[in-house]
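Here are some friendly notes to read with the model open beside you. Take the points in order and find each place as you go.

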Amino acid sequence: MERIIFHIDVNSAFLSWTAVKMIKDDPGALDLRLVPSVVGGDIRTRHGIVTAKSIPAKKYGIQTAEPITSALAKCPRLMVVSSDFATYREYSHAFIEILLEYSQLMQQASIDEAFLDVTELSDMDVMQHLRDELGADFLLQDYYNKTDTDEAGLKEAFPLNIANAIRLEIRFKLGFTVNVGVSTNKLLAKMASDFTKPDRTHTLFMREVKKKMWPLDIGDLFGCGKKTADRLRSIGLKKIGDAATYDVELLKSQLGERTGEYIHLSANGYGSDTVHPESRDAKSYSNETTTRSDITSGNFDTDMPPIVRYLSDKVSGRLKRDNVYGGTISVQVKTSEFKRFSRQMKLMDSTNDADVIYENAMLLLGNLLTGENGLFEDDIHIRLVGVGVDNLDDGSFRQGTLFDWVNNGQKELKKEKLQKEKEDKLDIMEKKLRDKFGDGVIKRGM
């Protein structure tokens, strides 16, 4: 199955994050993103270089890494602000946390960009997540109008609605915008996110490579450095399409084996579709979902168990995947008035078993909702349910349970059976050899 890969890139990250902070501190402050402005250097000393620029500044030909003096010469009214790395770290962290709510298959490429594998996502779940997080049924029509695609009818379907939902949530929650590139591999997703900015979703599927990517300058090909681009131009390959259709052996003779092959493959749209999540020690594992209809005292017994079973299986699967166990089970609910309530309990023995998680989660929810002074006494309706496990360990201190003893016993019996079958086969082989060649023909090793 083809993967669906997003590349999410913050528009003018350092400048946008500085602008958001300035407006947060002073709502009447000028939005740096709307005027020619840059981050970097000191306008008083006229030292330093441009580390980020606004889109209006780009229209003056101002480039990242050029001296501040040069940028001011191009635009004397240019606004220059100093770097603020504490703010950058704060907003980068918030940006990444939102992406992780959509998929744990996230690979952070830099402080302001990341790849996200959304192949397994359900578009309906994502739409409900968006409504829950923003507290209203936001319409995405304006965002669909900012989607660039050749696929007829795809503007209201997976995966573009998910890409647009991510853009919308980041904009409403954090105050800055991102571009999302959508494709089946990381190379094309990265290329797509660099198309028209800001606040856009762009697709670049293999069927679109000739139309959208081949006409671009060879220097725009991801991974093609300045020296390589200059070398390609010197032999007449000025566009990505020129390199894509050029003989690969001639490319290798000009650029070397590895570089030549990379340029040929990438110019034709081939790249890795594997998103490598960061290796991080999780502090907890949880899953939550919005219910299709409100859970009330009247349908708790029929509607709640399947939801908790689904969530427990998901959490258990992730625990087992990472070979960890949890000693605390927790549940949380969100009411129709968007208020959250939670309960947790510590287990006698840590677990990653779905049945154990399910049974204890149901006990907690029963206490929270239907017990004495439970939420249902006030006719409260539940629209979101979550199940979590924390207090993690690697299982080395777990007490032996009856299940463990039985399971280990079965493994030992199976091992003994296989050993006996092996011995029997050796005995038969020995007998055949002795019958044919005599008793001294074979001796077993000690």
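1. Two strands pair if DSSP finds at least two bridges between them. Helices (H or I, at least four residues) and strands (E, at least two) are DSSP runs, numbered from the N terminus. This is a predicted model: local features need pLDDT of at least 70, side-chain atom pairs count only at pLDDT 80 or more, and totals for chains, interfaces and linings use all residues. Residues are numbered from 1 along each chain as its sequence is written, and side-chain values use heavy atoms, with hydrogens and water left out.

2. Start with β11 (residues 325–335) and β13 (residues 382–393), an antiparallel pair joined over 10 bridges. Within this region, T328 has D390 of β13 as its bridge partner.

3. Now widen the view: an open, antiparallel sheet of four strands runs in the order β10-β13-β11-β12. Because β10 (284–295) and β12 (340–351) each have a single partner strand, they stand at the edges, and one side of each lacks a neighbour in the sheet.

4. Which strands does helix α14 touch? Helix α14 (residues 300–321) packs on the sheet against β10, β12 and β13; contact means heavy atoms within 4.5 Å.

5. Finally, look at T177, in the loop between α7 (160–174) and β8 (178–183). T177 counts as buried because its relative accessibility is 15% (buried means under 20% relative accessible area, exposed over 50%, partly exposed in between, with a 1.4 Å probe and protein chains only). Leaving out residues up to four places away in sequence, T177 touches V10, N11, R171, P198 and D199.

Note on methods: Axes fitted to C-alpha atoms, helices over the stretch in contact; angles between N-to-C directions.
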